[in-house]
Every structure is written in structure tokens, then in C-alpha cells.
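Please find below a colleague's note on the structure shown here.

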Amino acid sequence: MNDATPTTDAPAPADSAAAAASPVASEENPDFDAMTRDIAEVPAVEVIVTVAVNLMSAAAVKLGLTEDGEAHKDLDEARKLVHALAGLLDASATEISSFHAAPLRDGLKSLQLAFREASLVPDEPGQGPGEKYTGPVFG
């Protein structure tokens, strides 16, 4: 044996190619065809609402509104998330019913107010995150 000879028992390249082509799904090899079929069956309204709720949750964490509070607080990141949420809700307002939109708008307003309260130097009315889409937010 010389220095160029590997000493580990790595699988042969042919074995790894066969494993990659295997149709069996695992954590390392997800079944993308099944995932695509699942997504195809989800209504657009549900996708929009799910994305909005994820943005709201992330913004709440970045505003320090969770149990850990200050540990994850980052107002710059929160601003981006609240602004994206406002844009999504504004753009999808005609696509989702008021049944879905009303609670999302209420949540957005709560996040905008929380952002204003958390800011050391609050934005001018109409200049806060998402207020480009919602108009000025007052407490």
C-alpha cells in the first residue's frame, strides 16, 4: 500500500449511481414526484394564506414577540418580513376572500404597531414597514 491508496471503505461509484437512481424516497433522496402531485392539489388561496402566516410568524419572532423575546429580536429583518407580508396581502386582496383576508390584515396591523413600539426612533406615519401598501398605521 502507498500514500495514494485510500484506506476508507467508501462505496464504489457504480453503487452510488445506482442508489441515486433508486425510486425509494428517504430524507437524503426525497420523492419530488409525490411532492409535486401534493402541491398540484392545493388551492392557490391555501398557498397564499400559508405563506402569509409563515411571514407573520417569522416577523413576530424578529420583533421579539415570542417567549424568547429579545434573543431573536432583529428589527431590520422584521421590517423586511412585515413589508413582504403587506405586499403579498395587497397583491392578493382580490384573489382571496375577505374570510381569509380580514384576519391576515388584522395580524399585519398588529405587527406594524409592534414594530412602531419596538423602534427606538419610530418611522414617520406612512413610512413604516408595509405602510406603502396599507397606508399609515396608528395605535
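**Note on the predicted model**

1. Of the protein's 139 residues, 25% count as buried; buried means under 20% relative accessible area, exposed over 50%, and partly exposed in between (1.4 Å probe, protein chains only). This is a predicted model, in which local features need pLDDT of at least 70 and side-chain atom pairs count only at pLDDT 80 or more, while totals for chains, interfaces and linings use all residues. Residues are numbered from 1 along each chain as its sequence is written, and side-chain values use heavy atoms, with hydrogens and water left out.

2. The average pLDDT (the predictor's confidence in each residue, from 0 to 100) is 84 for the protein, and 81% of the residues score at least 70. Over residues 10-22, pLDDT stays under 50, and the model has three contacts for this stretch beyond four places in sequence; contact means heavy atoms within 4.5 Å. Where pLDDT is low, the predicted coordinates should not be read in detail.

3. Helices (H or I, at least four residues) and strands (E, at least two) are DSSP runs, numbered from the N terminus. Of the contacts with a separation of 6 or more, 56% are between residues 24 or more positions apart.4. The largest nonpolar core has 21 residues, and those with the most contacts inside it are Leu63, Leu85, Leu89, Leu104, Leu108 and Leu111. Such a core is a set of buried Ala, Val, Leu, Ile, Met, Phe, Trp, Tyr and Cys residues joined through side-chain atoms within 4.5 Å. Two or more residues each come from helix H3 (44-62), helix H4 (75-92) and helix H5 (98-118), with H3 giving the most, seven residues. Which residues does Leu85 contact, leaving aside its neighbours within four places in sequence? They are Ala52, Leu55, Met56, Leu108 and Leu111.

4. Val42, Val47 and Val51 make a nonpolar surface patch of about 190 Å². Patches are made of residues with over 30% relative accessible area and no salt bridge, like charges being joined within 9 Å and nonpolar side chains (Val, Leu, Ile, Met, Phe, Trp, Tyr) within 5 Å. Val51 is found in helix H3 and is partly exposed, with a relative accessible area of 38%.

5. The structure holds five salt bridges, each defined as a side-chain nitrogen of Lys or Arg within 4 Å of a carboxyl oxygen of Asp or Glu. One of them joins the side chains of Asp123 and Arg79 (2.8 Å, N to O). Asp123 lies in the loop between H5 and H6 and Arg79 in helix H4, so this pair ties together parts that are 44 residues apart in sequence. Arg79 is partly exposed, at 29% relative accessible area.

6. Arg116 and Glu131 also meet through their side chains in a salt bridge (2.8 Å, N to O). Because Arg116 lies in helix H5 and Glu131 in helix H6, the pair ties together parts that are 15 residues apart in sequence. Is Glu131 buried or exposed? At 4% relative accessibility, Glu131 counts as buried. Not counting residues up to four places away in sequence, Glu131 touches Gln112, Arg116, Glu124, Pro125, Gly126, Pro136 and Val137.

7. A further salt bridge links the side chains of Lys73 and Glu70 (3.6 Å, N to O). Lys73 is partly exposed at 30% relative accessibility, whereas Glu70 is exposed, with a relative accessible area of 59%.

How values were computed
Areas by Shrake-Rupley, 256 points an atom, 1.4 Å probe, with all protein chains shown as cover.
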